[in-house]
Amino acid sequence: MTEPYDLITMGRIGVDLYPLQSGVPLAQVETFGKFLGGSATNVAVAAARLGRRGAVISRTGRDPFGDYIHQALRDFGVDDRWVTAVDAYPTPVTFCEIFPPDDFPLYFYRRPKAPDLVIRPEELDQDAIAAARIFWITGTGLCEEPSRSATLAALQARTGSSTGGPTVFDLDWRPMFWGGEGGASGDGGASGAAAMAAARPYYEAALRHVTVAVGNVDEAEVATGLREPKACAQALLDKGVELAVIKQGPKGVLAVHRDGRTAEVPPTPVEVVNGLGAGDAFGGALCHGLLAGWELEPMMRYANAAGALVAGRLACSSAMPTADEVDAFLASR
């Protein structure tokens, strides 16, 4: 087998069609930019921009957008060998609206089924997954079969490995993929609560096999049933993870390790252009810090800075910063 990858991510992939006009409803937008998208994919791109060797496990349609995805991954230096085509379904596209500083509605076109939910257990390169220095999954991968079984099979391969490093669960809550509408129980009404109840058993199953869990308070609520950040972090530790990272938006980020170490870092101020890729930039930088063996506080500050840089840019994947950009940004603060 070749040298293990620094990072393998598994999950959503697609094409982002983002408006080139800010503050305009989608119905009135005249021009769009085309970008590589999907949270797991963006995390791999973010890590690659920081010098890490990564790959994505996902699927596209057999169509021109699928061809574009392969070319974009190669251009970013991300291995696309495990991104395969599904004849039956089109490559997903995602639109957004841009209303800075904090309103960025997303419109997912993933029906009748997204190809990235047709990843099958028997197709996985379990040796490569087991050996990767970091393996990254998302909550979306658990929402439908056969992706759910494939995600859990990949986690099982990690559990039995003595060579791999951290296994990260991006809690990645998209209630519309679970039959819901709201973002969390507090603002989602009955549909939000019902969607969370449907998802929680699968989140709990995944948590038994991971060492790091990362998400915002809404996402942590899906996994734990709680909303207070410190309580969420402790509940995630109680479910078996070694490191819980709770993103708190304007309140910054909280990281709690099983060994008692904690870090609570304020947000990095930036003039927001499009906040949608910030979490993926944070994820790629988190992986970079884990691979480098950084302490919690500098790792969180670095990840916050990477996220802030992307929030100040239009795109997601192509906006991911280099290490020099993050260093310069931190030095200017």
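Which residues in helix 8 meet which residues in helix 9? In this predicted model, A278, A281, F282, A285, L286, H288, G289 and L290 in helix 8 meet M299, M300, Y302, A303, N304, A306, G307, V310 and A311 in helix 9. Two packed helices are described by the angle between their axes and the distance between the axes.

**Helix 8 and helix 9**

- The axes of helix 8, which spans residues 278–292, and helix 9, which spans residues 296–311, cross at roughly 150° and come within 7 Å.
- Because angles over 145 degrees count as roughly antiparallel, helix 8 is described as roughly antiparallel to helix 9.
- The crossing formed by helix 8 and helix 9 is right-handed, and the residues of their contact comprise 13 nonpolar and 4 polar residues, with no charged residues.

**Helix 6 and helix 7**

- Helix 6, made up of residues 217–224, packs with helix 7, made up of residues 229–238, at an angle of about 45°, and the axes of the two helices lie 10 Å apart.
- Helix 6 and helix 7 are therefore oblique to each other, and helix 6 passes helix 7 in a left-handed crossing.
- On the helix 6 side, the contact involves V217, A220, A223 and T224, which meet P229, C232, A235 and L236 on the helix 7 side.
- Sorted by class, the residues of the contact of helix 6 with helix 7 comprise 7 nonpolar and 1 polar, with no charged residue.

Methods. Residues are numbered from 1 along each chain as its sequence is written. This is a predicted model: local features need pLDDT of at least 70, side-chain atom pairs count only at pLDDT 80 or more; totals for chains, interfaces and linings use all residues. Side-chain values use heavy atoms; hydrogens and water are left out. Axes are lines fitted to C-alpha atoms, for helices over the stretch in contact, and angles run from 0 to 180 degrees between N-to-C directions. Helices (H or I, at least four residues) and strands (E, at least two) are DSSP runs, numbered from the N terminus. Angles under 35 degrees count as roughly parallel, over 145 as roughly antiparallel, 65 to 115 as roughly perpendicular and the rest as oblique. A crossing is left-handed if the near helix is turned anticlockwise from the far one by less than a right angle, and right-handed if clockwise. Contact means heavy atoms within 4.5 Å. Ala, Val, Leu, Ile, Met, Phe, Trp, Tyr, Cys and Pro count as nonpolar, Asp, Glu, Lys and Arg as charged, and the others, Gly among them, as polar.
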